[in-house]
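User: Could you take a close look at the aromatic pairs in this structure and at the core around them? I would enjoy one connected walk-through.

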Amino acid sequence: MLLRLILFNGLLAGACAYALWRGRSDERLTATVCLAATLASFVLAAPSTQRYTSVEGGVLMVDVFTLGAFTYVALRSDRFWPLWISGLQLTTSVAHFLKAADPDLVPIAYAAAGRLWSYPILIILAVGTWRSSRRLRLQPIEAPA
């Protein structure tokens with residue numbers, strides 16, 4: 001568990017710092033949402049002895065807000081990567097509804113479904129930032145006519 005925590009926090013810090021440093025508005029907004037959602041999920045999660053035994057109401061609210069923010073970025077962006085992030089966040093959000101539909105869902109399965117997609121979201125953010133930064137570097141700046 002400690003290794004997973006170190007890996008996630010390292011990926012979160014690295015991807016978000018890179019997006020805030022080199023990204024455009026889409027990347028910076030997505031990084032800010034990732035950081036805020038992680039902090040809010042930590043604060044609003046049930047006590048560790050009760051975590052994932054029933055629907056995590058606080059984490060559900062955070063995930064729905066995060067889905068809305070990622071969808072906002074995807075709808076206003078001229079890039080494709082925000083659609084992937086929004087879709088993965090939708091998958092994360094659906095995990096809560098699966099637990100509500102089947103209260104006997106094993107807590108570890110619920111936890112995995114809710115956490116798993118955070119890793120690819122951060123990787124996509126980092127790759128999207130890198131591609132955007134590279135494209136801006138390689139693209140000649142045109143003077144206004």
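Analyst: Happy to. Rings of Phe, Tyr and Trp, the last by its six-membered ring, are taken as a pair if their centres lie within 6.5 Å, and planes over 60 degrees apart make the pair edge-to-face. By this rule, there are four aromatic pairs in what is, please keep in mind, a predicted model.

One of them joins F8 and Y119: the ring centres are 5.5 Å apart and the planes stand at 80 degrees, so this pair is edge-to-face. F8 belongs to helix α1 (residues 2-22) and Y119 to helix α6 (residues 118-138), so the pair ties together parts that are 111 residues apart in sequence. F8 is buried, at 14% relative accessibility.

Y52 and Y110 make another edge-to-face pair, with 5.2 Å centre to centre and 85 degrees between the planes. Here Y52 sits in the loop between α2 (25-44) and α3 (57-76), while Y110 is in helix α5 (residues 107-115), so parts 58 residues apart in sequence are tied together. Y52 is buried at 12% relative accessible area, and Y110 is buried too, at 1%.

Now to the core. The largest nonpolar core has 17 residues, and C16, C34, L122 and L125 have the most contacts inside it. Two or more residues come from each of α1, α2, α3, α4 (81-101) and α6, with α1 giving the most, five. Leaving aside residues up to four places away in sequence, L122 touches F8, L11, L12, A15, C16 and C34. That list brings us back to F8, the ring partner of Y119.

Methods: Residues numbered from 1 in each chain as written. Predicted model: local features only at pLDDT ≥ 70, side-chain atom pairs only at ≥ 80, totals over all residues. Heavy atoms only, no water. Phe/Tyr/Trp six-rings, centres within 6.5 Å; stacked < 30°, edge-to-face > 60°. Helix = DSSP H or I, 4+ residues; strand = E, 2+ residues; numbered from the N terminus. Buried < 20%, exposed > 50% of the residue type's maximum accessible area, 1.4 Å probe, protein only. Core = buried A, V, L, I, M, F, W, Y, C linked by side-chain atoms within 4.5 Å. Contact = heavy atoms within 4.5 Å.
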